[in-house]
Amino acid sequence: MTRLTNFMNDESGAAAAEYALILALIAVVIIAALSTLGTNISTVFSNVAAKLVPAA
């Protein structure tokens, strides 16, 4: 019974799980931001390229 109580009170793995969740959330935010930013940058470059073609 003591081993079961010790196992239930052991929280050494909890910190690692919390860090993994935080890392996963940060990764999701970075991916979403880069996806949006990538689309906006693509639009800007397309507009610049369209204006450079008549100049050439």
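Buried residues make up 0% of the 56 residues in this protein. The model is a predicted one. Its accessible surface comes to about 5,200 Å². Carbon and sulfur atoms account for 72% of that surface.

Now look at the overall form. The secondary structure comes to two helices and zero strands. The radius of gyration is 25 Å, while the globule rule gives 10 Å for 56 residues, so the protein is more spread out than a compact globule. Along the principal axes, they are about 85 × 10 × 10 Å.

Next, turn to helix α2, which covers residues 12-55. T36 is found in this helix. How far is T36 from L25, eleven residues away along the chain? Their C-alpha atoms are separated by 17 Å. T36 has a relative accessible area of 49%. Exposed means over 50% and buried means under 20%, so T36 is partly exposed.

I41 also deserves a look. This residue lies in helix α2. Its relative accessibility is 40%, and therefore I41 counts as partly exposed.

Technical notes
Residues are numbered from 1 along each chain as its sequence is written. This is a predicted model: local features need pLDDT of at least 70, side-chain atom pairs count only at pLDDT 80 or more; totals for chains, interfaces and linings use all residues. Side-chain values use heavy atoms; hydrogens and water are left out. Helices (H or I, at least four residues) and strands (E, at least two) are DSSP runs, numbered from the N terminus. Buried means under 20% relative accessible area, exposed over 50%, partly exposed in between (1.4 Å probe, protein chains only). The radius of gyration is taken over C-alpha atoms; the globule rule is 2.2 Å times the number of residues to the power 0.38. Accessible areas come from the Shrake-Rupley method with a 1.4 Å probe; for residues, only the protein chains shown count as cover.
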